Amino acid sequence: MGKARVTRKKSVIPGFGLTLGVTVAMLSLFVLIPLASVLAYSFRLSGQEFIRLMTRPNVVQAFATSIGCALAAALINCLFGTLLAWVLVRYDFPGKRLMDGMIELPFALPTAVAGITLTKMYSNNGFLGRALESVGIQAAYSKLGIVIAMVFIGIPFVTRAVQPVLEKLSPFYEEASMMLGASRLRTFCSVILPEIAPALLTGFGLALARGIGEYGSVIYISGNSEKNGTQVVSYIIMQKLNSGNVDYEGAAALALMLLIISFAMLFVLNIVQHAASRRTNA
Amino acid sequence: MYVEMKNICKKFGSCEAAKGITFGIEKGKLTALLGPSGSGKTTLLRILAGLEQQDSGDILIDGKAVNGVPANERGIGFVFQNYALFRYMTVYDNIAFGLKVKKMEKKKIRERVSEMVSLIGLEGLEKRYPDQLSGGQRQRVAFARAIAPKPDLLLLDEPFAAIDAKVRKELRAWLKEMIRKVGVTSIFVTHDQDEAVEVADDIFILNEGNLEQTGSPKDIYKHPQTPFVAEFIGTSTVLESLTGFKGFEDAAPGKKAIVRPEFVEAFKSDNQKFKSLLHAVEYGTVENIAFRGSYWEVTLSVNGMQLTTNRSLERRDIAVGEKMCVLLYRAYVFDGNGAEIRKNKLLEGVDIEAL
Amino acid sequence: MKKQSNPIVKWILIGTSAAFFLLMLVLPLFEVLYRSLKDGWELFSSALTAEYTLSALKVTLIATVFALAVNTLFGIMASWLLTKFDFRGKNILSALIDIPFSISPVIAGLAYIMTFGRSGWATPLLNQINELLGTDLSLVFSVPGVVLVTIFVTFPFISRETIPLLNTIGRDEEIAAAQMGASGLVIFRDITFPHMKWGLLYGMILCAARAFGEFGAVYAVSKARGKTFTLPLEIDALYMAGSADSITQAFAVSSLLVCMAVIMLVLKNIVEYHGKKKNAI
């Protein structure tokens with residue numbers, strides 16, 4: 001009887017009280033209470049101060065950079081992440097196991113390591129950086145660098161979200177479409193894409209959220225120059241904690257703003273995803 | 001009465017799964033709770049087991065109220081719908097689990113488990129895991145696991161649902177035999193009337209949270225008390241009215257009637273056997289003939305209404321469109337109060353069974 | 001599945017992904033090794049045996065072990081709660097658990113400073129406790145602070161793996177066991193745990209990898225090099241010092257973390273392989 005139950009159904013399985021107690025206690029202690037402090041702190045600023053802070057050119061710039069670069073990186077990741085998933089699911093080729101096993105490297109590799117390594121690779125004393133510079137592209141210490149770092153840390157989100165869906169997708173779908181005379185591209189767009197869309201959105205959302213809040217892998221390659229607009233929000237928050245004039249209220253307000261933006265984006269994505277998945281499940 | 005349920009009510013949100021159900025079961029009986037899906041039969045079984053809590057009403061087992069008694073203290077063995085065998089335990093450990101929980105001595109556990117294993121005929125498979133067993137074998141293990149701790153009452157939730165059709169027939173006989181051997185009072189839930197008729201001593205028919213009728217399989221088949229039961233048990237055709245048929249002219253108009261295939265006879269007009277009954281015959285046209293393995297299922301259009309009858313393969317061939325004589329022996333007629341059997345008046349004094 | 005696809009398209013797709021894969025994932029690994037060894041073995045080994053590095057390694061391991069212990073306990077409790085019971089607010093609770101996954105690690109550090117820092121609201125409380133117990137515990141700018149933020153950023157890692165796993169397995173077996181009278185502990189040990197162990201291990205590996213690599217959150221609450229610095233912070237300090245030697249040393253320490261990351265990846269793949277095999281039942 002799968003009817004919606006508003007209150008807890010009495011279950012024969014023991015342990016409800018214990019696990020509820022421990023879960024809620026630990027969640028509150030380690031996550032919710034500290035986060036509530038950020039909220040409380042940011043309310044120490046008056047509305048006017050809050051607005052003044054948020055409209056400061058470097059703050060606006062930083063939000064634009066964080067969100068813009070994270071969006072660009074998440075989109076690139078959707079493309080390459082899906083491609084990687086596709087290749088890993090559909091084809092056999094030498095080195096496939098290795099490729100599959102290494103997709104999560106960006107999760108396992110400390111962000112600081114990724115940050116300094118990418119910086120050296122793409123700066124003008126690295127060979128990639130020199131190659132790009134010779135065609136007039138400056139990768140390190142620019143927004144492009146930030147995007148590169150965010151692509152690096154975000155790629156597993158998309159691949160790992162899409163891969164299981166592709167694995168489960170029956171090849172009959174494609175065959176049916178091909179038999180009806182659809183071209184390869186048409187088949188992909190009209191048959192496969194709708195199937196993987198919800199998963200792709202999940203991956204996109206996770207990569208985006210990660211990119212917007214990213215610190216370690218970004219701060220080295222970005223150069224953190226106000227003039228070039230390569231400061232990210234995390235960097236500005238950290239500055240307020242570090243520099244001589246500590247500004248906790250400002251940091252808390254920025255953090256709150258960042259939280260609101262992240263959650264709003266995840267919320268919107270959730271709605272879109274819900275709509276998309278309803279159609280494919282029908 | 002060994003098991004009694006008194007006025008059991010249960011709601012899930014706006015869905016009433018049990019609307020004041022009352023019944024009693026005698027010790028040693030094998031009872032089927034039969035009903036379509038959504039009739040509340042599984043809920044009732046789970047309430048009896050203590051897996052769900054009734055909103056109101058009392059449950060008595062062996063004369064003792066067990067309302068507040070948790071599931072594990074009711075002394076009930078339960079066979080779950082998909083068996084819920086422990087996938088990470090061997091056959092032996094599955095059967096031994098309930099005994100270990102009861103802190104039985106190791107030696108006694110071993111004895112009881114091997115007794116169970118030989119009872120269900122799976123000697124030599126004790127070390128296997130559930131995924132290495134066939135569907136039928138899994139059901140046997142689930143049964144053994146449930147009765148190993150010697151429960152006073154055995155409940156089975158759709159015990160044959162997860163088994164393919166061919167093995168199912170074998171297992172029905174097997175289960176009936178086992179339960180008789182063990183001698184445990186048992187209740188099982190099913191949506192399949194054949195299953196209920198074949199296995200159970202008594203059948204309780206449930207519909208939309210109500211208990212429609214109780215009785216032996218034959219009793220229920222012969223004397224359905226509600227339109228639902230008449231329609232649910234056996235194959236049947238519903239007629240809006242009987243008044244158009246010869247011999248039923250005095251049937252009250254507007255009452256629905258239910259006709260079983262065996263209430264209908266169709267024969268060619270030159271049939272000698274039925275010659276004496278021609279005065280009671282209606283004429284019909286064959287609309288459809290379907291092969292059912294051991295007989296033909298023939299659908300006829302009579303007076304604008306459809307009747308179905310079964311025809312032996314031994315009889316003469318018939319064709320779609322053919323005109324035939326149709327004899328209606330009897331029908332169930334219903335009103336708000338219940339069902340009654342109406343016999344064809346023109347056939348009074350004729351020994352129908354002899355035909 | 002692999003039949004009748006156009007070989008040209010196939011190899012173009014494989015080639016593109018291989019190029020992306022090499023450029024984005026493989027090349028950086030070699031870059032780390034190359035840069036850490038390019039100025040010779042001596043500089044490399046001296047960087048790894050430096051007092052700061054060893055201290056940072058110790059703090060890193062402490063934080064990782066604590067994060068693993070706390071989050072494993074939490075993962076088990078939360079997945080039992082969220083997969084074996086239906087109750088009001090279940091969806092909200094599971095959404096709250098995932099919060100640390102989607103917020104900036106910098107905010108995690110900030111949150112702890114604002115709770116336990118000099119002007120944090122919980123600081124007077126903490127001081128009282130310290131006075132009472134005669135201890136001198138500080139929860140920011142200290143090793144316990146590093147431990148706490150590490151727990152925060154890795155908080156949902158294990159439950160995220162075990163909850164979906166237990167959800168697909170269902171709760172029939174647990175109900176059957178409970179119906180027969182088994183206690184919660186027996187049900188967990190004999191029935192649930194065998195189902196979840198590979199998922200648990202998988203989550204623990206991801207948790208460990210994130211824990212020893214965390215930078216932003218720890219950076220906010222750790223200021224004392226040689227005392228509360230973790231390996232990533234030590235790398236930052238060396239890199240920011242800016243001299244050619246110190247940058248090489250930063251890469252040398254990085255290569256240590258790369259090794260740890262690769263070990264985690266290998267473990268992850270082994271566990272994944274076993275887990276898949278078991279669930280193919």
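Domain bounds, such as those used in the first view below, come from an automatic or database domain assignment. Everything shown here belongs to a predicted model.

**View 1. The two domains of chain B.**
Where does chain B divide? Domain 1 of chain B covers 3-231, and domain 2 of chain B covers 237-354. Take a look at how they are spaced: the C-alpha centres of domain 1 of chain B and domain 2 of chain B are 40 Å apart. Six residues from domain 1 of chain B and seven residues from domain 2 of chain B take part in the contact. On the side of domain 1 of chain B that touches domain 2 of chain B, you will find three nonpolar residues, two polar and one charged.

**View 2. Chain C meets chain B.**
Here 15 residues from chain C come together with 17 residues from chain B. Which elements give two or more residues to the side of chain C that touches chain B? They are α10 (172-179) and α11 (184-213) of chain C. Of the elements on this side of chain C, α10(C) gives the most, with seven residues. Sorted by type, the residues of the side of chain C that touches chain B are 10 nonpolar, three polar and two charged.

**View 3. Two helices packed within chain C.**
Two packed helices are described by the angle between their axes and the distance between the axes. On the α3(C) side, the contact is made by C:Tyr52, C:Thr53, C:Ala56, C:Leu57 and C:Thr60. From α13(C) come C:Leu231, C:Leu233 and C:Glu234. Together, the residues of the contact of α3(C) with α13(C) divide into five nonpolar, two polar and one charged.

**View 4. The fold of chain A.**
How many helices and strands does chain A have? Its secondary structure comes to 13 helices and zero strands, so reading along the sequence of chain A gives the pattern α-α-α-α-α-α-α-α-α-α-α-α-α. The C-alpha trace of chain A spans about 65 × 65 × 30 Å along its principal axes. Chain A has 282 residues, and 45% of them count as buried. Among the contacts in chain A with a separation of 6 or more, 78% are between residues 24 or more positions apart.

Terms used
Residues numbered from 1 in each chain as written. Chains lettered and ligands numbered in written order. Predicted model: local features only at pLDDT ≥ 70, side-chain atom pairs only at ≥ 80, totals over all residues. Helix = DSSP H or I, 4+ residues; strand = E, 2+ residues; numbered from the N terminus. Nonpolar A, V, L, I, M, F, W, Y, C, P; charged D, E, K, R; others polar. Buried ≥ 20, exposed ≤ 12 C-beta atoms within 10 Å, placed from the backbone.
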